[in-house]
Amino acid sequence: MSALIKPVILCGGGGTRLWPRSRPARPKPFLPLLGERTLFQQALDRVADPDQFAPAMVVAGEPHVPLVREQGGSELAIIAEPMGRNTAPAIALAALRAPEGSVLLVCPSDHYIADAPAFREAARAAAQLAQQGSLVAFGIEASKPHTGYGYLKRGEALADGFRLDAFVEKPDLATAQRFLADGRYSWNGGIFAFGRDVFLEELRRHRPEMAALCEAAVAQGTEDGALFRPDAKVFETIRSESIDYAVMENTAHAAMVPVSMGWSDIGSWDALREARGGVSRGPHELLDCSRVMVDSDGPRVSVVGLDDVIVVVDGDEILVMRADAAQDVGKLGGASLS
């Protein structure tokens, strides 16, 4: 591989399904949910090898810039979005600020990856494909028929991966079971690699207005040391759209690299329970319980005779739920107010 990979770490989203631990002032990426390091710090750690990766660039909302600096260091290159516009404009900002000829590796800041060497090997393979003109998605090994993830269907084999035949929306259980049995489907983990110039060319082809507005926002933006702020008035006019819809589902050059790396998006308390192996945190006592997890930052929690329940205590907020209802936590009023 002739060029270092330029990591782009995306710090968007509010993590409302992990309320009350995750709150607007300190959302999921900036919490030490698995280990001593936060998910954001772990994302930086995975791309810290200077022999493989160029210095990372972070795209974050303006309110979270202090957290990014606190956890990533003052020299970290940051693009501060004045408001959220989903992943396609965020990646476009990073591409426009990256050196010409760069291979970009786009990573969410709030995912957990148990096998970092497998991730880095997949990044190597994806970068090889990217240098040949492909826009590459990481295909996460589907270990069970999950209905909460989108899927990628692989096509014919390439030297370092596969052509990407289709993006598939979140399926129902029967369809997910069929995908698992088929063997050609992987989870879409939202991790991508592509040449900076190829991506911008495809964005201009498929979303010309978005591309032009992103270019204008960058051209009229301001620098403050390692911090860059795109023009807010221009940026707020950009349509909010994911990279999947804007580019990846439209390009004729989509590819995928399959990877098994102990991945989780930590998208709910149930997903966090699974990633932790069901281990509780904080003072607690469980009596005659099965599949019960407690996460308390102080008060002792006692649970008797319950199955498949999660209890969370964070300061003055308490959450009690059935694990199979974990996806609904973000609908609670408290999740958007605190």
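Student: Hi! What should I know before I look?

Tutor: It's a predicted model, where local features need pLDDT of at least 70 and side-chain atom pairs count only at pLDDT 80 or more, while totals for chains, interfaces and linings use all residues. Residues are numbered from 1 along each chain as its sequence is written, and side-chain values use heavy atoms, with hydrogens and water left out.

Student: Okay, which residues of helix α2 are buried?

Tutor: V65, L67, V68 and Q71 in α2, residues 65-72. Helices here are DSSP runs of H or I, at least four residues, and strands are E runs of at least two, numbered from the N terminus. Buried means under 20% relative accessible area, exposed over 50%, and partly exposed in between (1.4 Å probe, protein chains only).

Student: Why do they line one face of the helix?

Tutor: Seen down the axis of α2, they fall within an arc of 160 degrees, so they share one face; the arc is that of the directions from the helix axis to the C-beta atoms. On the other side, P66 and E70 are exposed.

Student: New topic: how many residues are in the largest nonpolar core?

Tutor: It has 49, and those with the most contacts inside it are I9, F40, L105, F138 and M261. Its largest share, 9 residues, comes from α4. Such a core is a set of buried Ala, Val, Leu, Ile, Met, Phe, Trp, Tyr and Cys residues joined through side-chain atoms within 4.5 Å.

Student: And what follows α4?

Tutor: G133, with a positive phi near 100 degrees.
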